[in-house]
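Student: Could you walk me through this structure? I would like to begin with the sheets and then move on to helices and aromatic rings.

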Amino acid sequence: MSELLFRTDAYLRLCTATVTAVDEQGLQFDRTVFYPNGGGQPGDSGQLLRQDGSTVVISNTVKGATADAVLHLPAEGSSLPQVGEEVTLVLDWDRRYAHMRYHTALHLLCKVVAAPVTGGQVAADKARLDFAVEMDALDKEAIEAGLNALVAAAQPVTARWVDEAELDANPELVKTMSVSPPRGTGTVRLIEVTGTDLQPCGGTHVHNTAEVGRLVVQKIRSEGKQNKRIIIAFAS
Ligand SMILES: [Zn+2]
């Protein structure tokens, strides 16, 4: 069990934490700012600072066996901390912040392309969503203009928790950006882009669409008869 600090404050770049497990699966802590790979968003990388002044590079973060287990993967050959040791966890913030901006951009893309989403992936230099839609329904210039209008609208992005029962009673909320949050804890996290998008999501987002910045549609390509992939990137 780990307190998932990124759930309540995605802008935390570091935290102190106590080591709770060290084994071949990875390192675990009582709390963490590291997002584990899931829902189309990559796991975080960064560093662990020990009190003796040494550092351990964390090359990736993945989910453990339970919903609140987060496994931090140390770079090979690292000298590992002991269980009970107090350390400081520091994110590779530039990479994470790019993930937050792109992840939020995908919520906007959901709105602009009003079609069922079949998959998605965020990276630090681009992001994509796949839609079940015909190619001739997709206009590159119109999609780009739609995205940038939502960015320019500078709308707040907020999170709230609802009962699973409430979500089950309103199935239209689940658009499945393939970023569904873990179920089974009784509550589900909803992400709302004011006036634009509301859906369950476990990822990390920026506070305002203005922070996403200007976007370009890099490519639209067919990934099968009923699957079209839209790749977006920050405008350079
Ligand atoms: Zn999201």
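Tutor: A definition comes before the sheets: two strands pair if DSSP finds at least two bridges between them. Helices (H or I, at least four residues) and strands (E, at least two) are DSSP runs, numbered from the N terminus. This is a predicted model, in which local features need pLDDT of at least 70 and side-chain atom pairs count only at pLDDT 80 or more, while totals for chains, interfaces and linings use all residues. Residues are numbered from 1 along each chain as its sequence is written, and side-chain values use heavy atoms, with hydrogens and water left out.

Student: OK, in what order do the 3 strands of the open sheet with β12 come?

Tutor: The order is β11-β12-β13, and the pairing is antiparallel. The edge strands are β11 (157-163) and β13 (197-200), each of which pairs on one side only. From one strand to the next, the twist averages 25°; axes here are lines fitted to C-alpha atoms, for helices over the stretch in contact, and angles run from 0 to 180 degrees between N-to-C directions.

Student: How many bridges are there between β11 and β12?

Tutor: β11 and β12 (residues 187-193) pair in the antiparallel sense over 7 bridges. Within β12, Leu-190 is the residue that stands opposite Arg-160.

Student: And which helix packs on that sheet?

Tutor: Helix α2 does, touching β11, β12 and β13, and its direction makes about 115° with that of β13. Contact means heavy atoms within 4.5 Å.

Student: What about the open sheet of 4 strands, what is its order?

Tutor: That sheet runs β9-β10-β15-β14, with antiparallel pairing. β9 (117-122) and β14 stand at the edges with a single partner strand each, so one side of each is left without a neighbour in the sheet. The twist averages 15° from one strand to the next. Strand β10 (residues 127-131) is joined to β15 by 5 bridges, the two running antiparallel, and Asp-130 has Arg-229 in β15 as its bridge partner.

Student: What does α2 touch on this one?

Tutor: Helix α2 packs on this sheet by touching β9, β10, β14 and β15, and its direction makes about 135° with that of β15. Helix α3 lies across β14 and β15, running at about 145° to β14.

Student: Let's stay with α3. How many residues has it, and how far does it reach?

Tutor: Helix α3 (residues 140-152) has 13 residues and reaches 18 Å from its first C-alpha to its last, close to the 18 Å expected, where the expected span is 1.5 Å times one less than the number of residues. At its start, a side-chain oxygen of Asp-139 reaches to within 3.0 Å of the backbone nitrogen of Glu-141. Just after α3, Ala-154 takes a positive phi of about 50°.

Student: Which residues of α3 are buried, and what do they pack against?

Tutor: The buried residues are Ile-143, Gly-146, Leu-147, Asn-148, Leu-150 and Val-151, where buried means under 20% relative accessible area, exposed over 50% and partly exposed in between (1.4 Å probe, protein chains only). They pack against α2 (93-112), β14 (215-222) and β15 (228-234).

Student: Switching topic: how many aromatic pairs are there?

Tutor: A search of the whole structure finds 4 aromatic pairs. Rings of Phe, Tyr and Trp (its six-membered ring) pair if their centres lie within 6.5 Å, and planes under 30 degrees apart count as stacked, over 60 as edge-to-face and the rest as tilted. The rings of Phe-6 and Tyr-35 have centres 5.4 Å apart and planes at 75°, so this pair is edge-to-face. Phe-6 lies in helix α1 (residues 5-8) and Tyr-35 in the loop between β4 (31-32) and β5 (46-49), so the pair ties together parts that are 29 residues apart in sequence.

Student: Are those two buried or exposed?

Tutor: Phe-6 counts as buried at 3% relative accessibility, and Tyr-35 also counts as buried, at 4%.

Student: Why is the pair of Trp-93 and Tyr-97 called stacked?

Tutor: Their ring centres are 5.5 Å apart and their planes are at 20°, so the pair is stacked. Both residues lie in helix α2, 4 residues apart, about one turn of the helix. Trp-93 is buried, with a relative accessible area of 11%, whereas Tyr-97 counts as partly exposed at 23%.

Student: And which residues form one aromatic cluster?

Tutor: The cluster is formed by Tyr-11, Trp-93 and Tyr-97.

Note on methods
Polar contact = N/O pair within 3.5 Å; in protein donor to acceptor, adjacent residues only side chain to side chain.
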